[in-house]
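This briefing covers sheets, strand pairing and the nonpolar core. Look at the structure first, then read the points below.

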Amino acid sequence: MKRHSINITAQCAFDGPKGRCQRKTTTTHPYCAQHTQTVLGVRVAPSKIKGAGLGLYAVRPFKKGEHVVEYRGEKLTQKEYDAKYADDAMGSYGISLSARYVLDAGKTSSGVARYVCDYHGSHSKPNTEYVNIDNRIWVVAIRDIKAGEEFYSDYGEDMHKAMGLK
Ligand SMILES: [Zn+2]
């Protein structure tokens, strides 16, 4: 499956008592890999699913119902999104916000929620779901999650078809 991804390098957003973190990130925006762990409680590493690329893991326990990370991206209309990706829109980092709008997380700077993999091929059930809260999409834990577990979600039927899954 084709993934449309644009790598962006930025300075870590963490600003502590000793000043702004000087480390840079290309994958874990807005924080460097270390601050992603200490601030958000998650880390990006190769998925346990073969061929899935990077995945997102818990570095601390999460409770059922807890908001794990926000799914961020560029807000496009369905029309704009379809035009941007033409034939293989389903292979992109888009998530429907409503019938009209799509969040496009195609830039690495969109944040780490984009790394949550679909559960197919994981030998596990999804442990998160996407929840729309006032037009912001959150990855929410649907059961208690232990430190070290990979997050999986259910991308939904349309995406499964596009990915060639049943
Ligand atoms: Zn940092």
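**Strands, sheets and core**

A hairpin of four residues links S9 to S10. The model is predicted.

**Sheet S8-S10-S9**
- Three strands make up this open sheet, in the order S8-S10-S9, with antiparallel pairing.
- S8 and S9 are the edge strands, and each pairs on one side only.
- On average, neighbouring strands here are turned by 35 degrees against each other, direction ignored.
- H2 packs on the sheet and touches S8, S9 and S10.
- The direction of H2 makes about 100 degrees with that of S8.

**Pairing along S10**
- S8 covers residues 74-77 and pairs with S10 over four bridges, in the antiparallel sense.
- Glu74 has Asp104 of S10 as its bridge partner.
- Thr77 is bridged to Tyr101 in S10.
- S9 spans residues 94-96 and is also antiparallel to S10, over three bridges.
- Ile95 finds its bridge partner in Leu103 of S10.

**Sheet S7-S13-S12**
- This open sheet also has three strands, ordered S7-S13-S12, and its pairing is antiparallel.
- S7 and S12 (128-133) each have a single partner strand, so one side of each is left without a neighbour in the sheet.
- S12 and S13 run antiparallel and are joined by six bridges.
- Ile133 has Arg136 of S13 as its bridge partner.

**Nonpolar core**
- In soluble globular proteins, nonpolar side chains tend to be buried together.
- The largest nonpolar core in this model holds 31 residues.
- Val42, Val116 and Phe151 have the most contacts inside this core.
- Elements giving two or more residues to the core are S6 (54-58), S7 (67-71), H2 (78-85), S10 (101-104) and S13 (136-141).
- Both sheets are represented in that list: S10 belongs to the S8-S10-S9 sheet, while S7 and S13 belong to the S7-S13-S12 sheet.

**Around Val42**
- Which residues does Val42 touch, not counting those up to four places away in sequence?
- Val42 touches Thr36, Leu56, Tyr57, Ala58, Val59, Val68, Val69 and Val112.

Technical notes. Residues are numbered from 1 along each chain as its sequence is written. This is a predicted model: local features need pLDDT of at least 70, side-chain atom pairs count only at pLDDT 80 or more; totals for chains, interfaces and linings use all residues. A nonpolar core is a set of buried Ala, Val, Leu, Ile, Met, Phe, Trp, Tyr and Cys residues joined through C-beta atoms within 7 Å. A residue is buried if 20 or more other C-beta atoms lie within 10 Å of its own, exposed if 12 or fewer, and partly exposed in between; C-beta atoms are placed from the backbone. Two residues are in contact if their C-beta atoms, placed from the backbone, lie within 7 Å. Two strands pair if DSSP finds at least two bridges between them. Axes are lines fitted to C-alpha atoms, for helices over the stretch in contact, and angles run from 0 to 180 degrees between N-to-C directions.
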